[in-house]
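Q: Could we go through this model together? I would like to begin with one of its helices.

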Amino acid sequence: MKVATVLGVDIGTSSSKGVLVDAEGRVVRSASRSHEVSRPRPGWVEMDADIWWQEFVSLSRELLAPGDAEVVAVGVSGMGPCVLLTDDANVPLRPAILYGVDTRSTAQIARLNDRFGPEEILRRCGSALSSQAAGAKVAWVAENEPELFGRARRLFMPSSWLVVQLTDRYVLDQHSASQCTPLYDTEDQDWYAPWAAQVAPDLVLPPLSWPGEVAGVVTERAATEAGLPAGIPVITGTIDAWAEAISVGAQGVGDLMLMYGTTMFLVHTVAAPLTNPSLWGTVGALPGTRNLAGGLATSGAITSWLRELFGSPDYPELLRLAESSGPGAGGLLMLPYFAGERTPILDPEARGILAGLTVSHTRGDLYRAALEATGLGVRHNIETIEASGGDIRRVVAVGGGTQGGLWTQIVSDVTGRDQVIPSQTIGASYGAAFLAARTRWDVSIETWNPVKEIRTPRRELAADYDELYGLYRELYTSSKRVAHALAARQVRLLATGSPEASDNRGTEGVAP
């Protein structure tokens, strides 16, 4: 007899992941597909949408191949907010422009602020314009690729792209829409027609739904391609970090989710809408919820980059070396701004810095400095959230970086916060599966994914990390002018065709 399951698939920055989960929340089977993003110019990060559907099909067929499971619903999620423009037949017109790690829209942000007013944008949209804003990237295409934009009719993100492939339904979730600043009104929870008509006059913006609502059912065509039963429900889905929060039950007022992945996301659930120009105020993934959120542009991307430079040793070996290095990484301090930085500094021209190097430092010191850098970035975001009126009562960790324990311990030590570690930290694909399961069964995430352990900060390290945090904040301020000059130099080198400027590698990786 076949086991009834739900399929959850997430399209991430460095890989796509799929899970089959039964009605009790047990992972029956999981699989992943690694991929790379394209970096055609400094600050540009793109991906072909064809990869998203190809990997969904591949994952679905692998997970169902043994023939012992029956899928009764499908959940999807994906990185975002992204901008994939298609014609009215859903044919992509260019590679998708990815979320805040793509920093190309600086000029459009300035012009939109001049047109609509930064205070009015923040009030209406919940977030200031930044590299995270999908609407500014739509404006970039309109200004820089006008012939192509003249043919654009639809806007997709990875989750909604999977939905249209599976169901032929054009729909986007409310949360993803709320990251399309300045196209969406967070108070009315709908597209804001006056501004949308100016930024994207010919786009037919998608109808909106909540992430757990049924978007449609699997078509005969999609069923044949992906090996799924035709007619089963597919949920609307959402952005991966918000699906991660659902996967660990971090949706209550006062909860803060930390997503340890290629980038680091922080999602805080608030009792009433809060805004801060240095953070993202959004509607939540569940009806009636509101979030104040932030994100580091890199975290696991740095650890995987270091691993590659070190000759690709196993991650457990690197964690052992980092643990041996000890708190403070032998006197090193890193700024983790290797792809600019998102919150709270909102500086696309920031650059990574490793200060204090001597010939005595080791691989373990460098790797430890990278782990501590993300902890320092998280602390900066937490302080900004609380200064904005947030009330963080519980921190829940999720994602690939929770494995091994050292990274989460360092973040707890640096921030002085306990972290709840759930039994399942697989992340967004599990959250998408849970939302799909709710369309068929009466389930709760507390039963599906109970707490496994709590990471407690080592209080004896508080003074040392307080000192390091002060230096971290000072280092950015004192080096900002030089970092911006180097960022400009990188652009000039590209313009002259210098090989030094090549930035076309997909270095995104999720690792502890």
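Q: Which residues of helix 3 (residues 118-125) are buried?
A: In helix 3, the buried residues are I121, L122, R124 and C125. Buried means under 20% relative accessible area, exposed over 50% and partly exposed in between, with a 1.4 Å probe and protein chains only. Helices (H or I, at least four residues) and strands (E, at least two) are DSSP runs numbered from the N terminus.

Q: What sort of model is this, and how are residues numbered?
A: This is a predicted model, in which local features need pLDDT of at least 70, side-chain atom pairs count only at pLDDT 80 or more, and totals for chains, interfaces and linings use all residues. Residues are numbered from 1 along each chain as its sequence is written, and side-chain values use heavy atoms, with hydrogens and water left out.

Q: Back to helix 3: what covers its buried residues?
A: The cover includes helix 2 (106-116), helix 8 (193-199), strand 10 (184-185) and strand 18 (280-283).

Q: And which residue follows helix 3?
A: G126 follows, and its phi is positive, near 90°.

Q: Which residues touch the most other members of the largest nonpolar core?
A: They are W52, F56, V74, L166 and L228, in a core of 83 residues. Such a core is a set of buried Ala, Val, Leu, Ile, Met, Phe, Trp, Tyr and Cys residues joined through side-chain atoms within 4.5 Å. Helix 1 (residues 49-64) gives the most to this core, with eight residues. A second, separate core has 50 residues, including I302, L332, I382 and Y472.

Q: What does L166 contact, leaving aside neighbours within four places in sequence?
A: Its contacts (heavy atoms within 4.5 Å) include W53, F56, V74, V76 and L228.

Q: Changing topic, which peptide bonds are cis?
A: Among them are G80 to P81, with omega near 0°, and T181 to P182, with omega near 10°. P81 lies in the loop between strand 5 (69-78) and strand 6 (84-86), while P182 lies in the loop between helix 7 (174-177) and strand 10.

Q: Why mention those?
A: Most peptide bonds are trans, and most residues other than glycine have a negative phi.

Q: What is phi for N90 and for Q189?
A: Phi of N90 is positive, near 65°, and that of Q189 is positive, near 55°. N90 is in the loop between strand 6 and strand 7 (96-97). Q189 is in the loop between strand 10 and strand 11 (190-191).
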